[in-house]
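Please look through the model below before reading my comments, which are set out as numbered points.

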Amino acid sequence: MDTSPVSLRNIRMPSAPSYKPGDKIATRKAYGMALAKLGRYNEHLVVLDGDTKNSTFSELFKNEHPNRYVECYIAEQNMVSVAIGCAVRDRNVVFASTFATFFTRAYDQLRMAAISESNINLCGSHCGVSIGEDGPSQMGLEDLAMFRAIPTATVFYPSDGVSTEKAVELAANTKVLRMIFNK
């Protein structure tokens, strides 16, 4: 009650994406770069990760803003709950990342987040079946279907660095549960 008000409206990237035509960049790396960029200009951005920071590239945010980064290790249910807690008073813009398939472990927390209208952003990397040598345990076969079944959830599936950066910006400004899938 005695804290000053915080505005989480109109959160914008400070500049347009700087990718050049023909640049080849994984959308998951573009995601990490977008978080770091947005974090430079918004002190209310908080990022969590499920011990996949070198794969989701959330480590780029961690390196620049370690006091606003939370490592949740291999505990996706807890990570989603912590994200909800960070966002509950509308004082932070929260992004939580892990492999898309690991969000299946946290389905009950995700469902309850949607029911309670939590303002959290989730990023699932390594979605689908084309991640190569990591094998089927790392593949998110049901990830997209699972999120589409959650009421009010918004799903972004960017195709390149530019659309990934824009998806991060849009997610930061959308008030419901959001999911960004990356390769």
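1. Helices here are DSSP runs of H or I with at least four residues, strands are runs of E with at least two, and both are numbered from the N terminus. The model is a predicted one, in which local features need pLDDT of at least 70 and side-chain atom pairs count only at pLDDT 80 or more, while totals for chains, interfaces and linings use all residues. Residues are numbered from 1 along each chain as its sequence is written, and side-chain values use heavy atoms, with hydrogens and water left out.

2. The second largest pocket has a volume of about 170 Å³. A pocket is an open set of points on a 1 Å grid over the protein atoms alone, where a 1.4 Å probe fits and protein lies on both sides within 12 Å along at least five of seven lines; lining residues have an atom within 4 Å of a point. The volume is the space filled by probe spheres set on the points, which are joined across faces, edges and corners. Helix 1 (27-41) and helix 3 (59-64) each supply at least two residues of this lining, and helix 1 gives the most, with five.

3. The lining of the second largest pocket divides into seven nonpolar, one polar and four charged residues, where Ala, Val, Leu, Ile, Met, Phe, Trp, Tyr, Cys and Pro count as nonpolar, Asp, Glu, Lys and Arg as charged, and the others, Gly among them, as polar. The largest pocket, of about 260 Å³, has four nonpolar, five polar and three charged residues in its lining, including Arg 9, Asp 90 and Lys 175.

4. In helix 4 (residues 76-87), the residues Glu 76, Met 79, Val 80, Ala 83, Ile 84 and Ala 87 are buried, that is, under 20% relative accessible area, with exposed meaning over 50% and partly exposed in between (1.4 Å probe, protein chains only). Seen down the axis of helix 4, these buried residues fall within an arc of 140°, so they line one face of the helix; the arc is taken from the directions from the helix axis to the C-beta atoms.

5. Two residues deserve a check of their backbone angles. Most residues other than glycine have a negative phi. Asp 51, however, has a positive phi of about 65° and lies in the loop between strand 1 and helix 2 (53-56), whereas Tyr 73, with phi near 55°, lies in the loop between strand 2 (69-71) and helix 4. Asp 51 counts as partly exposed at 35% relative accessibility, and Tyr 73 is exposed at 52%.

Terms used. Expected span 1.5 Å × (residues − 1).
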